[in-house]
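Hi everyone, thanks for making time.

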Amino acid sequence: MHRRLSNKYGEELQLRPLRSSDASNFADFLRNLGTETRARFGPHPLDESTAHALCTAQPEAQIQRLVLCEKQAIVGYFILDFTPAEAEQQRYQQAGIGLNFQLEPRFAPCIADHYQNQGLASLAMAELISYCQQQGLKSLVLMGGTQASNLRAIHFYKKAGFAEIGRFYTAYNQQDNLDMRLSL
Ligand SMILES: CC(C)(COP(=O)(O)OP(=O)(O)OC[C@H]1O[C@@H](n2cnc3c(N)ncnc32)[C@H](O)[C@@H]1OP(=O)(O)O)[C@@H](O)C(=O)NCCC(=O)NCCS
C-alpha cells in the first residue's frame, strides 16, 4: 500500500505503511496529540518510547499501521488490527453478528490535532477502503467502538459508510459508545 493523495489545497500527501525510519517523526506525531484527541484515541501508549518500539520492532503479522505523511511530517495514523478481540466478538455476538477478524479487522484512525476537520481522514478513507477491498476483506470494525459524544468521528464514519451496530457503556470514562462497522 503506497498511495499519493492531494489535499484540498492541491498539496501532496502519501498514505503508506509505518516504517523504521519514521521513528522520530512518529514520536513527534504521538507526542503532539492533545488532551481531547488522547481522550478519544488510545490503542496503545501515545509516547516517544512506544513510537520507537513500533517503528523498530519486527513487522507485526496481525497489525498493519499506516501513516498519512505531508512532506516529512506524519499527520495521520490508521491501524488495521487482525488480532481476534474478545470484547468486540462478544458485543457483536449480542447483535447477532459473528466476526472473523482475519477478514474483518478492527480499525482505528487518528489525525494530528492541527490537521483535523480538514477532510484528511475522508481523503485517506477512500484509499483505505479500496485497499481493503483489493485485499478481499469483508468489513472494518471500529476498535473499541466510538464514544457517543465524538460527533465529528460519528459523522465521518457514517459518511464513509459505517453503520451503527449497537451501544455500550464504559464505566472507566462513564461514557456511552457506539459499535460501528463498514461492509466492504
Ligand atoms: C475523527 C477523526 C479521525 C476524523 O478525521 P478528520 O480528518 O478530522 O475528518 P474529516 O475532516 O475528513 O471529516 C470530518 C467531518 O465531520 C464533520 N464535523 C466536524 N465537527 C463535527 C461535529 N461536532 N458534529 C458533526 N459533524 C462534525 C465535518 O464537517 C466533516 O464532515 P464533512 O466532510 O461532511 O464536511 C479526527 O478528527 C481525529 O483524529 N479525532 C481525534 C481522535 C479520534 O476521535 N479518533 C477516532 C476514535 S473512534
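**The ligand and its surroundings**

So, the UniProt annotation "domain: N-acetyltransferase", from an unreviewed entry, covers residues 13-184; such annotations are put in the numbering used here, with shortened feature names, and may be inferred rather than shown by experiment. Quick housekeeping: this is a predicted model, where local features need pLDDT of at least 70, side-chain atom pairs count only at pLDDT 80 or more, and totals for chains, interfaces and linings use all residues. Residues are numbered from 1 along each chain as its sequence is written, and side-chain values use heavy atoms, leaving out hydrogens and water.

Now, who surrounds the ligand? There are 22 residues, and the closest are Asn117, Gly119, Ser122, His155 and Lys159; to count, a residue needs a heavy atom within 4 Å. By class, that shell has nine nonpolar, 10 polar and three charged residues, with Ala, Val, Leu, Ile, Met, Phe, Trp, Tyr, Cys and Pro as nonpolar, Asp, Glu, Lys and Arg as charged, and the others, Gly among them, as polar.

On to polar contacts, meaning N or O pairs within 3.5 Å. The side chain of His155 puts an N or O atom 2.7 Å from a ligand oxygen. A polar backbone atom of Ala121 is 3.0 Å from an oxygen of the ligand, and a backbone N or O atom of Pro109 lies 3.1 Å from a ligand nitrogen. Taken alone, the ligand exposes 960 Å², and the protein buries 76% of that (Shrake-Rupley method, 1.4 Å probe).

Conventions:
Polar contact = N/O pair within 3.5 Å; in protein donor to acceptor, adjacent residues only side chain to side chain.
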